[in-house]
Amino acid sequence: MSKLIHSLCFVAFAAMVYLSAPQMSYAAEKELAADLRERVISQFEGADHLGQFDEEINVWPVMKGDEVLGYAFETDDQVSIPAYSGKPINLLVSFDTEGVFKNSWVLEHHEPILLVGIPAQKLWDFAAQYIGKHITDKIRVGFSSDPNAYTVDAVTGATVTVIVVNDTIMKSAHKAAEKLGLIEAKEGTAALPATVKQDVFKEADWQTLTGDGSIRRLHLERAQIDEAFIGSDGEGIDEATPDEKKDTFIDMYYTYLNAPTVGKNLLGESEYNWLMGELKEGEHAIAVMGTGPYSFKGNGYVRGGIFDRIQLNQGDDTVSFRDVDHHRLTDIYTANTPDFKEMDIFIIRPQFDFDPGTNWDIELLVRRQTGPLDSVFVSFTGGYQVPEAYIDRPVQPVVEPEEDLPIWVSIWQQKSFSVSVLIISLVFLSAIIFMQDWLVRYPRLLHNIRRGFLIYTVLFIGWYALGQLSIVNVLTFTHAVMSDFRWELFLMDPIIFILWGFTAASILLWGRGIFCGWLCPFGALQELINELARKLKIKQYELPFAVHERLWAVKYIILLALFGISLESMATAERYAEVEPFKTTILLAFQREWWFVTYAVTLLFISIFTRKVYCRYICPLGAALAIPTKLRLFDWLKRRKECGQPCQLCAVECEIQAIHPDGTINANECHHCLDCQITYHNDSKCPPLVNKAKKLRKKKPAPELQPIDAVNIA
């Protein structure tokens with residue numbers, strides 16, 4: 001029955017791929033859908049068509065007869081800035097020949113908070129706020145204390161996402177306009193960045209460093225916050241009483257650490273040397289210290305890895321910080337330093353082209369809740385200029401700019417710690433698999449290793465590195481193979497890329513069990529819950545094998561349904577892929593609407609009474625991995641001729657019922673826990689080995705009797 005199901009699913013899957021390939025291939029010339037073309041043309045008075053796509057500049061000219069009225073482009077063709085999901089947001093943007101935005105429309109995003117939860121219309125409305133503004137305007141999200149900045153309203157609950165959208169729109173527009181010659185290109189026209197004088201150092205206390213501008217301060221009182229919200233929906237909410245007006249809201253200090261006079265005095269020489277050794281070429285470090293009731297860090301970085309209250313602005317560039325750009329500052333060594341509640345170091349990565357010789361601003365975002373789900377924002381900025389004594393401004397000839405590193409290279413560099421730990425753990429797991437015949441002879445050691453690895457999988461791979469593979473990854477890869485495959489798209493997330501590479505190799509060698517049994521965070525969480533329940537002697541329930549075997553088909557049906565939906569609309573398939581509780585449990589740590597949390601918690605609750613129900617019967621990812629398992633090269637799970645007839649011990653003990661009554665192991669359902677192999681090698685437990693030992697004892701001759709020495713007895 002199971003072989004028939006797998007064969008039919010494989011044939012159907014292959015047929016759908018083959019039949020859909022022609023429809024999924026891109027035309028040689030890039031085109032916009034008719035409704036999108038009409039959307040762009042309608043924003044330009046008198047425009048009647050789009051010109052031919054310029055593959056060098058990646059824009060469509062907007063035409064009125066032979067006259068060019070403006071240009072349209074997709075932001076993915078200009079820049080690639082990862083958002084909350086780790087993937088870029090693609091928008092259709094257009095501006096006229098004067099550089100005024102005429103259209104801004106979201107084409108594609110993978111933001112978990114917006115795929116389900118916040119209506120997509122809110123993101124479209126946010127993007128539409130740029131219409132009528134100029135590509136050189138300074139635009140900030142939320143209210144801003146900068147009088148020269150234009151503000152756009154944020155989307156409550158998606159602050160990080162809209163900050164990235166703002167960055168994407170402005171940077172892509174700048175890049176396109178520079179290519180078109182509408183604005184002066186930065187490359188090749190400006191002097192090279194200033195450099196830090198490493199030989200300039202003098203001892204200084206806190207007062208000296210703040211007095212000469214090496215350390216700057218942004219001090220906000222409650223009255224300033226109340227005043228900033230006047231005219232917004234936040235006016236009148238949580239306002240200070242007359243006696244509280246002068247109370248500190250936040251007292252924040254910030255500085256540039258690369259300069260030895262600042263860095264060594266603040267951090268101490270050894271800590272400064274360590275930090276400079278950590279920084280790669282083109283990287284810079286700033287320190288931010290604060291006290292008061294408001295935190296400049298917030299807690300957004302805990303859930304999504306992005307600090308959503310603080311960013312750095314230099315010229316047209318905005319630097320946002322992720323958890324990989326952050327170090328805690330444990331102590332400050334300068335004399336007379338105030339007490340701070342928070343002290344942190346943030347790293348500016350090379351892709352931002354930061355110039356220590358140019359003024360920059362630090363921007364603090366303040367949120368005020370206006371309802372159960374709504375809030376408004378206002379931003380405050382503080383300026384900074386590195387003292388001239390600390391830097392060199394070399395006069396150098398203008399040179400042609402070097403080509404920027406691919407964005408995926410920068411992301412891999414940023415996630416070097418997570419990548420290193422993951423690779424080490426995968427090498428360790430490979431060693432376990434190769435040494436399994438030796439390890440199974442030591443059950444307690446193997447169980448402890450496995451339990452520890454499952455905990456690591458949940459905590460590090462899952463909740464820390466967000467390395468939860470999904471059926472969406474399979475659908476995305478399948479569509480890419482059928483159309484315009486580019487490795488860069490998959491290299492954008494190094495953790496997912498490495499996990500998929502290892503999973504593909506392990507499937508080819510041994511089957512799906514290595515991933516499903518060791519590397520899936522949600523699967524590991526279910527197993528740990530069930531193991532704890534067994535320790536607590538909670539009664540377990542198993543379905544009859546005939547029912548259990550037929551329920552295997554459910555996950556294949558779900559897989560085929562999702563694949564069919566994806567052929568029509570990948571976005572719709574992503575929504576239906578919520579049948580996976582991975583996003584709720586692992587990626588968002590249960591920070592979602594109650595119905596998603598209820599679904600995920602229900603599946604975990606069921607795991608108390610039976611092993612991995614979701615994995616066995618529902619998981620479309622498991623089904624997708626089971627199909628190529630048929631092609632595995634090795635079968636290292638040993639069986640004897642007595643297995644199944646008459647011995648049923650392993651089949652009874654297998655906690656996910658992957659062993660058939662006839663004794664064969666179903667590799668498509670096996671999670672490679674190795675419990676059956678522990679029994680296989682156990683001389684005192686495996687019935688065939690026990691019987692063999694009994695027979696050997698019966699055949700062994702009795703010891704010869706020795707005659708009694710009568711003399712000795714006497």
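This is a predicted model: local features need pLDDT of at least 70, side-chain atom pairs count only at pLDDT 80 or more; totals for chains, interfaces and linings use all residues.
The chain holds 714 residues, of which 50% are buried. Its secondary structure comprises 29 helices and 19 strands. Among contacts between residues at least 6 apart in sequence, 71% join residues at least 24 apart.

**Cysteines**

- A disulfide is a covalent bond between the sulfur atoms of two cysteines.
- For C516, the closest cysteine sulfur belongs to C619 and is 6.4 Å away. Because a disulfide requires the two sulfur atoms to be within 2.5 Å, this distance is too far for a bond.
- C516 is a buried residue, its relative accessible area being 9%.
- For C670, the closest cysteine sulfur is that of C676, at 6.3 Å, which is likewise too far for a bond.
- C670 counts as buried, with a relative accessibility of 12%.

**Packing of helices α14 and α19**

- Two packed helices are described by the angle between their axes and the distance between the axes.
- Helix α14 spans residues 443-464 and helix α19 spans residues 521-535; their axes come within 9 Å and cross at roughly 135 degrees. The angle therefore makes α14 oblique to α19.
- The crossing of these two helices, α14 and α19, is left-handed.
- On the α14 side, the contact is made by R450, R451, L454, I455, T457, V458, I461, G462 and W463. On the α19 side, the contributing residues are P521, A524, L525, E527, L528, E531 and K535.
- Sorted by class, the residues in the contact of α14 with α19 are 9 nonpolar, 2 polar and 5 charged.

**Packing of helices α20 and α25**

- Helix α20 (residues 545-568) and helix α25 (residues 620-629) have axes that come within 8 Å and cross at roughly 95 degrees. The two helices, α20 and α25, are therefore roughly perpendicular to each other.
- From α20, the residues K555, Y556, I558, L559 and L562 take part in the contact. Their partners in α25 are P620, A623, A624, A626 and I627.
- The contact of α20 with α25 consists of 9 nonpolar residues and 1 charged residue, with no polar residues.

- S418 is situated in helix α12, which covers residues 416-434. With a relative accessible area of 7%, S418 is buried, since the limit for that class is under 20%.
- Beyond its neighbours within four places in sequence, S418 is in contact with F460, Y464 and I495.
- Q677 belongs to helix α27, residues 675-680. At 1% relative accessibility, Q677 is also classed as buried.
- When residues up to four places away in sequence are set aside, Q677 touches V440, W636, L637 and K638.
- Q677 and W636 are separated by 41 residues in sequence, and their C-alpha atoms are 9.6 Å apart in space.

**Backbone geometry in loops**

- The peptide bond joining Q645 and P646 is cis, with an omega of about 5 degrees. P646 is placed in the loop between α25 and α26, the latter covering 649-653.
- D353 has a positive phi of about 50 degrees, although this residue is not a glycine. D353 is found in the loop that connects β16 (342-348) and β17 (360-369).
- D353 is exposed, with a relative accessibility of 55%; the cut-off for that class is over 50%.
- L466 is not a glycine, yet it shows a positive phi of about 55 degrees. The residue L466 lies in the loop between α14 and α15 (471-482).
- L466 counts as partly exposed, at 27% relative accessibility.

Key:
Residues are numbered from 1 along each chain as its sequence is written. Side-chain values use heavy atoms; hydrogens and water are left out. Buried means under 20% relative accessible area, exposed over 50%, partly exposed in between (1.4 Å probe, protein chains only). Axes are lines fitted to C-alpha atoms, for helices over the stretch in contact, and angles run from 0 to 180 degrees between N-to-C directions. Helices (H or I, at least four residues) and strands (E, at least two) are DSSP runs, numbered from the N terminus. Angles under 35 degrees count as roughly parallel, over 145 as roughly antiparallel, 65 to 115 as roughly perpendicular and the rest as oblique. A crossing is left-handed if the near helix is turned anticlockwise from the far one by less than a right angle, and right-handed if clockwise. Contact means heavy atoms within 4.5 Å. Ala, Val, Leu, Ile, Met, Phe, Trp, Tyr, Cys and Pro count as nonpolar, Asp, Glu, Lys and Arg as charged, and the others, Gly among them, as polar.
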